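Subject: Structure handover

Hello,

Here is the structure I promised you. Please open it alongside this email; my notes follow below.

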Amino acid sequence: MTPHELANLAHLRRARDLMDREYARPLDVPTMAQHALMSPGHFSRQFRAAYGETPYSYLMTRRIERAMALLRGGMSVTDACMTVGCTSLGSFSSRFAELVGETPSAYRSREHRAVTAMPGCVAKVRTRPARNRPSRIGEAARGAAA
């Protein structure tokens, strides 16, 4: 890697770290780009090339990940939505179902004893929402249609 490419990655990590730390704040691409010392368009392209998803998608995945922990702890769906920085319950619920494979209410009502028995670092990895994971909701819809 060239020194310029290494500097770009360091700047992108600064923005990613901002999203990991400040996920509950209202963050937009211009703010994240400012932390990466890049223009918004350049930042979005570079971020996607480096991490395989858009900055907004990364931020929402982090928010859903944090919401999952809050829901396992018994927090209401509305409170979890607002606590992680989402302003629309509908958008939050849709994104949650897309990433997790079930609605936030269904996730909250499920038993999570296995997760609470794991060390925190293991639980974080095992419960991390994944974009490439097949959705259980989609599978159920395909099963009902068959």
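The structure holds 0 disulfides. Cys81 is in none, and the nearest cysteine sulfur, that of Cys86, is 4.9 Å away. A disulfide needs the two sulfur atoms within 2.5 Å. Both cysteines are out of the solvent by the numbers. Cys81 is buried, with a relative accessible area of 0%. Cys86 is buried as well, at 6%. Please keep in mind that this is a predicted model.

Now the overall layout. The protein has 10 helices and 0 strands. From the N terminus on, the elements run α-α-α-α-α-α-α-α-α-α. Of its 146 residues, 33% count as buried. Take the contacts between residues at least 6 apart in sequence: 60% of them join residues at least 24 apart.

Two helix pairs are worth a look.

Helix 1 covers residues 3-21, and its axis comes within 10 Å of the axis of helix 3. The axes cross at roughly 90°, so the two helices are roughly perpendicular to each other. Helix 1 brings Asn8, Leu9, Leu12, Arg13, Ala15, Arg16 and Met19 to the contact. Helix 3 brings His42, Phe43, Gln46, Phe47, Ala50 and Tyr51. By class, that makes 8 nonpolar, 3 polar and 2 charged residues.

Helix 4 covers residues 55-72, and it packs on helix 6 at an angle of about 90°. Their axes are 10 Å apart. This pair is therefore roughly perpendicular too. On the helix 4 side, the contact is made by Tyr56, Ser57, Met60, Thr61, Ile64, Ala67, Met68 and Leu71. On the helix 6 side, it is made by Phe92, Arg95, Phe96, Leu99 and Val100. These residues divide into 10 nonpolar, 2 polar and 1 charged.

Tyr23 lies in the loop between helix 1 and helix 2. Which residues does Tyr23 touch, leaving aside its neighbours within four places in sequence? They are Leu18, Leu59, Arg63, Arg66, Val84 and Gly85. The C-alpha atom of Tyr23 is also 9.8 Å from that of Thr61, though the two residues are 38 apart along the chain.

Leu37 sits in the loop between helix 2 (29-35) and helix 3 (40-51). Its phi is near 60°, a positive value in a residue other than glycine. Most residues other than glycine have a negative phi. Leu37 is exposed, with a relative accessible area of 57%.

Glu102 is in the loop between helix 6 (89-100) and helix 7 (104-109). Glu102 is buried, at a relative accessible area of 11%. What does the side chain of Glu102 make a polar contact with? Its partner is the side chain of Arg110, at 2.8 Å.

That is everything from my side.

Best wishes

Methods: Residues numbered from 1 in each chain as written. Predicted model: local features only at pLDDT ≥ 70, side-chain atom pairs only at ≥ 80, totals over all residues. Heavy atoms only, no water. Helix = DSSP H or I, 4+ residues; strand = E, 2+ residues; numbered from the N terminus. Buried < 20%, exposed > 50% of the residue type's maximum accessible area, 1.4 Å probe, protein only. Polar contact = N/O pair within 3.5 Å; in protein donor to acceptor, adjacent residues only side chain to side chain. Axes fitted to C-alpha atoms, helices over the stretch in contact; angles between N-to-C directions. Parallel < 35°, antiparallel > 145°, perpendicular 65-115°, else oblique. Contact = heavy atoms within 4.5 Å. Nonpolar A, V, L, I, M, F, W, Y, C, P; charged D, E, K, R; others polar.
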